[in-house]
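I opened my notebook for a friendly look through this model.

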Amino acid sequence: MNWLENISRNLENVIGIPSRYISLIIISIIMIFVIRFIRKIFYEIYLNFHKQSRDIYLYNRKSHLISNVITLLILIVIWEEDIKSFITFISFFSAGVVIAIREIFLNFFAGIYIKISKPFGLEDRIEINGLKGDVVNLNYTSFDILEIGDRVNGEQSTGRIVHVPNSIIFSYPLKNYVKAFKYIWNEMSVVIDLNSDVPKVKSMLYKIIKKNSVIKEIPKKMETQITDASEDYRIYFNNLEPIIYTSVKNGHIELYIRYLVHPKKARNVEDLIWNDILRLNKEKKIKLVKSA
């Protein structure tokens with residue numbers, strides 16, 4: 001390629017780098033752009049046949065990984081003769097390099113651990129070191145979480161995306177809200193007057209809960225998921241249906257409504273239940289009181 005040789009010689013006279021290395025750099029840059037251009041074409045073709053955001057995301061991640069591997073292999077071939085001498089050079093500074101990039105290697109191997117053991121996956125709701133949210137991105141050195149608020153704030157999204165190094169899983173316990181199955185137990189406390197007709201109040205509350213379209217479908221789904229999860233975990237529940245517990249505290253009665261719900265739907269379901277309870281209170285069928 002005469003044009004490449006001419007450009008390399010001219011640049012050698014200007015910047016002093018041997019023309020051979022300039023040629024290799026130019027070829028490498030061209031190959032990187034060609035691979036990216038091909039990946040872009042395939043991506044546009046894929047978009048014509050797939051509209052789901054999850055499918056597009058997964059394809060983009062896989063194509064990105066494949067293109068990076070191909071690029072790395074091509075660069076190794078291009079620079080093959082010089083790699084050995086480069087490795088020899090690095091060996092003189094190996095101790096310093098290991099210290100400098102220790103965290104990078106630790107995050108990389110933690111990423112491999114996550115891929116293999118799968119303590120969590122994409123879209124899982126997790127909590128680690130006080131950070132709680134939904135996993136929106138995974139790679140070999142880090143993962144991203146769409147942060148959510150605490151239970152007081154209904155565990156709603158804050159809109160902040162937190163970038164977390166993979167190595168954190170080796171240092172702190174990890175809570176996965178949907179690892180074995182998709183549903184969690186949610187509890188609501190309803191405080192009523194001490195002179196209330198508890199069985200009657202419970203009956204009204206059960207009607208409210210059982211008419212909820214989200215809650216009433218979950219026990220059957222949960223049974224299937226527990227059966228599947230029992231292959232890997234020693235998990236069982238004696239009761240999957242909603243239940244209401246009674247307690248007397250500080251001169252009033254507290255009714256604890258316990259039911260299964262998807263963590264991402266918990267606040268909406270609780271809102272619907274409270275609307276019905278407040279309606280009954282307004283109609284004087286239930287007498288709500290302040291807790292001490």
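Which residues form one aromatic cluster? I found Tyr43, Tyr46 and Tyr59 there. I keep in mind that this is a predicted model.

**Aromatic pairs.** I looked up the pairs and got six in the structure. For tyrosine 46 and tyrosine 59, I noted ring centres 4.0 Å apart and planes at 5 degrees; planes under 30 degrees apart count as stacked, so this pair is stacked. Tyrosine 46 sits in helix α2 (residues 19–49) and tyrosine 59 in helix α3, 13 residues apart.

My next pair was tyrosine 113 with phenylalanine 170, which is tilted, at 5.6 Å centre to centre and 50 degrees between the planes. Tyrosine 113 belongs to helix α6 and phenylalanine 170 to the loop between β4 (157–165) and β5 (174–176), so the pair ties together parts 57 residues apart in sequence. I have tyrosine 113 as partly exposed at 38% relative accessible area, and phenylalanine 170 as partly exposed at 47%.

**Whole chain.** I counted nine helices and eight strands. Buried residues are 34% of the 292 in the protein chain.

**Largest pocket.** I got a volume of about 600 Å³. Its lining has 21 residues, with Leu58, Lys115, Lys118, Leu122 and Leu138 nearest the centre. Helix α3 (53–78) and helix α6 (102–117) each supply at least two lining residues, and α3 gives the most, seven. By class, I wrote down ten nonpolar, five polar and six charged residues in the lining.

Conventions
Residues are numbered from 1 along each chain as its sequence is written. This is a predicted model: local features need pLDDT of at least 70, side-chain atom pairs count only at pLDDT 80 or more; totals for chains, interfaces and linings use all residues. Side-chain values use heavy atoms; hydrogens and water are left out. Helices (H or I, at least four residues) and strands (E, at least two) are DSSP runs, numbered from the N terminus. Buried means under 20% relative accessible area, exposed over 50%, partly exposed in between (1.4 Å probe, protein chains only). On a 1 Å grid over the protein atoms alone, a cavity is a set of points where a 1.4 Å probe fits but cannot get out, and a pocket is an open set with protein on both sides within 12 Å along at least five of seven lines; lining residues have an atom within 4 Å of a point. Grid points are joined across faces, edges and corners, and a volume is the space filled by probe spheres set on the points. Ala, Val, Leu, Ile, Met, Phe, Trp, Tyr, Cys and Pro count as nonpolar, Asp, Glu, Lys and Arg as charged, and the others, Gly among them, as polar. Rings of Phe, Tyr and Trp (its six-membered ring) pair if their centres lie within 6.5 Å; planes under 30 degrees apart count as stacked, over 60 as edge-to-face and the rest as tilted.
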